[in-house]
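Please read it alongside the sequence and the coordinates.

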Amino acid sequence: MKKKKRRLKRKLFLLIIFLLVIGVLIGCYFFFKTDRVSFDFSFLSQSLEDTEEKIASEETKQKEEEEKKKLEEEAAKDNGYGVEIPGPTYIKGILIVNKTYALPDGYATGNDPTALSALRELQAGASSAGYSIPLLSGFRSHQKQTELYNRYVARDGKDAADTYSARPGHSEHETGLTFDIGAVDDNYGETPAGKWLASHAHEYGFIIRYPKGKEDITKYQYEPWHVRYVGVEHATNMYENDLTLEEYLGIA
Ligand SMILES: [Zn+2]
């Protein structure tokens, strides 16, 4: 009996040794593969970082939306003006001038030669289609625009003047890229010449800058006679997709 007990004790002892060795081996395994262990935790911290980033980007987005709303509210207070962005500002290589985007005094000194020669081609095109589209008004200096605007304000009041005349520094006519052609008449778009102009201007690089139904975007009443030179590619793109310049440049 004593011998059997001793053998059992020995077996137990060997088992404990065996288990200890296994334990040490497992310990070593994790000790030397720490990167593997930490990988599991880094996954956790990674997802935490992602969440933080997500929250941060949402906060930025919210801030941007608030900023935009504030700008719109400011603009709505003052007939579409409001916070002025001093220029000249180019987006997609296109000069933008509207009630928000201003132009410095003396930006241009006359009609842009490229725009003017494109206009001559447009007039020739109209002529061969049987229409006469005369040039009525092109480049206007800051000084001239000031006089014009002040005269309209004196005649119709500021609110009315702001719907059809630009404040100095905000007129496209100060760019030298804009022309009033055909007839300054609300019904010009319904005349054969006006219809021809609306559907062919883009072929010469021009857009009808203030189209019908887009007054909320352009902040101007419909002007079928006011064309702006942007080049054939951009003009065609805007014409085919029925976009105002503001929409096309992503600032509507
Ligand atoms: Zn005009």
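1. In helix H8 (residues 232-240), the buried residues are Ala235, Thr236 and Met238. Because their arc around the axis spans only 165°, they sit on the same side of H8. Glu233 and Glu240, on the other side of H8, are exposed. Here buried stands for under 20% relative accessible area, exposed for over 50%, and partly exposed for what lies in between (1.4 Å probe, protein chains only). Helices (H or I, at least four residues) and strands (E, at least two) are DSSP runs numbered from the N terminus, and the arc is taken from the directions from the helix axis to the C-beta atoms. The cover over the buried residues of H8 includes strand E2 (94-96), E5 and helix H9 (245-248), contact being heavy atoms within 4.5 Å. After H8 comes Asp242, with a positive phi near 55°.

2. On provenance, the model is predicted: local features need pLDDT of at least 70, side-chain atom pairs count only at pLDDT 80 or more, and totals for chains, interfaces and linings use all residues. Residues are numbered from 1 along each chain as its sequence is written, and side-chain values use heavy atoms, with hydrogens and water left out.

3. The zinc ion is coordinated at 2.1 Å by His173 (NE2), Asp180 (OD) and His226 (ND1). Along the chain, the spacing of these donors is H-x6-D-x45-H. Donors are N, O and S atoms within 2.8 Å of the metal (3.2 Å for Na, K and Ca); water is not among the atoms, so the site may look incomplete.

4. Asp180 belongs to strand E4 (residues 178-181). Both His173 and Asp180 are buried; Asp180 is so classed because its relative accessibility is 7%. Its side chain makes a polar contact with the side chain of Arg140 at 3.4 Å. A polar contact is a pair of N or O atoms within 3.5 Å; within protein, one must be able to donate a hydrogen and the other to accept it, and residues adjacent in sequence count only if both atoms are side-chain atoms. Beyond four places in sequence, the residues that Asp180 touches include Pro134, Trp225 and His226.

5. Asn98 is located in the loop between E2 and H3 and counts as buried because its relative accessibility is 8%. The side chain of Asn98 makes a polar contact with that of Glu246 (2.9 Å).

6. Gly87 and Pro88 are joined by a cis peptide bond, with omega about 5°. Lys92, although not a glycine, has a positive phi of about 55°; Lys92 lies in the loop between E1 and E2.
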